[in-house]
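Welcome, and please open the structure in your viewer. We will walk through a few pairs of charged side chains, one selection at a time.

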Amino acid sequence: MDTTSAMRERHFAAASAPMSKSKVPPGKAILAGGIAGGIEIMCTFPTEYVKTQLQIDQNEGTRLYKNSMDCVRKTVNEHGVRGLYRGLDVLLYGSIPKSAVRFGAYESTKNFLFPGQTRLNKLQSMTCGLTAGMLEAVFAVCPMETVKVRFIDDRRRKLPDKPRFRGFFHGVGLIVKEEGFRGVYKGLVPTMMKQGSNQAVRFVIYNRLMQIMQGSDQNKTVGVIPTFLCGGTAGAASVLANTPIDVIKTRMQMNKKQYGNWFECATTMMKEEGVIAFYKGIGPRMARVVMDVGLVFVLYSRTIMALNWMFPSWK
């Protein structure tokens with residue numbers, strides 16, 4: 001019993017260490033990341049819905065929403081509470097592979113570039129996070145985000161117009177039929193910029209804060225609340241750093257056809273709407289990302305703990 005307990009403690013300590021501390025096999029990281037991503041998006045989707053609604057609420061006649069609470073109130077009045085979950089299936093299908101790719105790519109990059117290193121410095125953490133973010137943008141985020149924005153925008157149609165998309169697969173099929181596969185990769189460059197900068201900032205700050213929490217004892221187990229706070233702080237920093245990129249990405253994915261590329265989109269927004277346009281939806285995005293990143297790091301670390309306990313030979 002003493003030997004078993006000691007093994008469990010070592011597994012738990014390794015999983016709660018900073019991302020740069022313990023070596024995690026890519027396969028285990030992919031599985032744990034997918035589980036964490038699926039649970040997280042079900043908890044935080046309403047804030048993502050409101051953020052996207054505010055970002056696409058442009059100057060087309062009368063604006064629909066005054067602020068975040070007005071968006072929530074009108075959505076619930078017109079569609080019920082379920083209206084705040086319009087497009088959840090799109091993000092659920094996308095969030096699982098997104099988190100799986102993110103953590104799998106992070107661990108793969110770390111193991112390949114810095115083998116045997118127990119603690120990464122800031123530049124090394126940034127390199128691994130940047131790589132993970134850009135890969136998740138290509139393989140999961142850009143298609144998922146494009147379809148999500150279309151679904152939410154589709155919900156804004158007023159009678160006698162009816163929503164065009166009857167479900168996730170119907171919506172994807174319609175986009176591909178009308179625009180080809182390029183239709184689901186609109187805004188790829190700003191999406192890669194957004195995700196790359198997101199993960200670079202998040203992993204650097206998260207790792208550093210977790211190292212501070214552990215102090216000189218690198219095997220110290222960090223609790224759920226401190227882990228959530230470290231992740232949430234990292235998420236807040238990324239929002240402040242790249243909300244303009246997120247807004248540009250959302251505008252390009254709306255398929256209004258007024259933007260030829262991301263630079264044209266940015267200059268048009270600046271000319272017509274001013275600097276404030278680049279920070280639309282920052283309130284709900286901040287709320288969502290703080291919860292999102294905090295939850296994901298907690299869920300990921302605890303899932304790794306469980307996998308270490310169930311499969312101790314998987315190294």
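Begin by selecting Arg 251 and Glu 273: Arg 251 is buried, and Glu 273 is buried too. Keep in mind along the way that this is a predicted model. Show the side chains of this pair and you will find a salt bridge, with the closest N and O atoms 3.0 Å apart. Which helices does the pair link? Arg 251 lies in helix H8 (residues 224-252) and Glu 273 in helix H9 (residues 262-273), so distant parts of the chain, 22 residues apart, are joined here.

Next, select Lys 110 and Glu 107. Their side chains meet in a salt bridge as well, at 3.0 Å from N to O. Colour helix H4 (residues 88-113) and you will see both residues in it, three residues apart, which is about one turn of the helix. Are they buried or exposed? Both Lys 110 and Glu 107 are buried.

Now move to helix H3 (residues 68-79) and pick Asp 70 and Arg 73, which are about one helical turn from each other because they are three residues apart in that helix. The two side chains form a salt bridge of 2.5 Å, N to O.

Together, Asp 70, Arg 73 and Lys 74 make up a network of salt bridges.

How many salt bridges does the whole structure hold? A search finds nine.

Conventions: Residues are numbered from 1 along each chain as its sequence is written. This is a predicted model: local features need pLDDT of at least 70, side-chain atom pairs count only at pLDDT 80 or more; totals for chains, interfaces and linings use all residues. Side-chain values use heavy atoms; hydrogens and water are left out. A salt bridge is a side-chain nitrogen of Lys or Arg within 4 Å of a carboxyl oxygen of Asp or Glu. Helices (H or I, at least four residues) and strands (E, at least two) are DSSP runs, numbered from the N terminus. Buried means under 20% relative accessible area, exposed over 50%, partly exposed in between (1.4 Å probe, protein chains only).
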